[in-house]
Amino acid sequence: MLEPKLMKGYNKMRRTVIAGNWKMNMTPSQAKAFIEELRPMVEGMDKCDIVLCVPYVDIAVAVEAAKGSNIHIGAENVHFAKSGAYTGEISADMLNEIGCEYVVIGHSERRQYFAETDETVNLRTKAALAAGLKVILCLGEVKEERLAGITDEVVSMQTKLDLAGVSAEELKNVIIAYEPVWAIGTGLTATPEQADETCGVIRATIAKLYGAEAADEITIQYGGSMNDANAAELLSKANVDGGLIGGASLKTDKFTTIVKAAN
């Protein structure tokens with residue numbers, strides 16, 4: 001196992017990031033109402049960055065509704081080409097122009113249902129970074145890999161492949177979200193110790209690729225069924241710098257509880 005030597009507290013510049021991933025939920029009118037309700041609930045909570053990653057059709061409305069608040073808006077995917085014959089796809093420049101700041105890339109559902117590979121994840125990551133977007137890069141093992149005892153090897157290899165060709169300067173705009181595939185939408189959650197250990201493996205891999213300082217600075221989230229009940233314990237771990245939140249990000253009270261835990 002790669003030894004995670006870089007722990008929270010050594011670098012006070014590392015930000016905790018709580019990001020909601022709405023998936024295929026919320027119409028534009030629902031998104032507007034949600035953000036208007038959420039704004040006063042999280043006002044003044046500045047110890048972490050708050051991000052809502054929303055469906056394409058909601059982005060413009062969400063950006064407008066979040067103006068002047070501490071809520072940032074992201075997309076759930078992006079294509080790797082600047083333009084072209086890619087029916088149904090959205091480019092990084094398009095996201096930029098409507099005020100999008102973040103984008104989720106490589107989510108397990110994209111890999112599972114839409115044939116995303118480490119190669120296309122890498123291409124999307126580089127395209128998003130080149131356009132000035134901040135990337136939430138998702139990776140994690142499936143149940144069979146966890147049971148086979150090869151989680152460390154899997155997440156280390158994904159980290160290397162997904163960041164191939166990404167410079168140390170560009171890495172400053174990358175957040176890594178460790179999401180064990182077996183915990184996505186299942187209600188199962190890695191134990192805080194498992195989450196911390198695997199995030200530490202990812203951090204150690206970053207250290208080998210980019211050096212100790214870059215590894216200490218990068219934000220690594222946990223993204224496997226984090227919710228209002230388990231967030232505080234998960235976020236207390238040294239290598240867990242936030243969460244990529246699924247179902248709990250669709251309820252303002254639950255999402256606010258997670259943000260409070262991060263603060």
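Q: What radius of gyration does the chain have, and what would a compact globule of 263 residues have?
A: This is a predicted model. A compact globule with 263 residues would have a radius of gyration near 18 Å.

Q: What does the C-alpha trace span along its principal axes?
A: The chain holds 12 helices and 8 strands. Its C-alpha trace, taken along the principal axes, spans about 50 × 45 × 35 Å.

Q: What share of the contacts with a separation of 6 or more joins residues 24 or more positions apart?
A: Contact means heavy atoms within 4.5 Å. Take the contacts in the chain with a separation of 6 or more. Residues 24 or more positions apart account for 75%.

Q: What percentage of the residues counts as buried?
A: Buried means under 20% relative accessible area. The chain exposes about 11,700 Å², with 54% of that from carbon and sulfur atoms. Of its 263 residues, the buried share is 52%.

Q: Which residues have the most contacts inside the largest nonpolar core?
A: That core has 66 residues. Leu-52, beyond its neighbours within four places in sequence, touches residues including Trp-22, Phe-34, Ile-73 and Phe-255. A second, separate core has 11 residues, among them Val-17 and Leu-244. In the largest core, the residues with the most contacts are Leu-52 and Ile-73.

Q: How far apart are the centres of the positive and negative side chains?
A: The chain has 26 positive side chains and 36 negative ones. The centres of the two sets are separated by 3 Å.

Definitions and conventions. Residues are numbered from 1 along each chain as its sequence is written. This is a predicted model: local features need pLDDT of at least 70, side-chain atom pairs count only at pLDDT 80 or more; totals for chains, interfaces and linings use all residues. Side-chain values use heavy atoms; hydrogens and water are left out. Helices (H or I, at least four residues) and strands (E, at least two) are DSSP runs, numbered from the N terminus. The radius of gyration is taken over C-alpha atoms; the globule rule is 2.2 Å times the number of residues to the power 0.38. Buried means under 20% relative accessible area, exposed over 50%, partly exposed in between (1.4 Å probe, protein chains only). Accessible areas come from the Shrake-Rupley method with a 1.4 Å probe; for residues, only the protein chains shown count as cover. Lys and Arg count as positive and Asp and Glu as negative; His and the chain ends are not counted. The place of a charge is taken as NZ of Lys, CZ of Arg, CG of Asp or CD of Glu. A nonpolar core is a set of buried Ala, Val, Leu, Ile, Met, Phe, Trp, Tyr and Cys residues joined through side-chain atoms within 4.5 Å.
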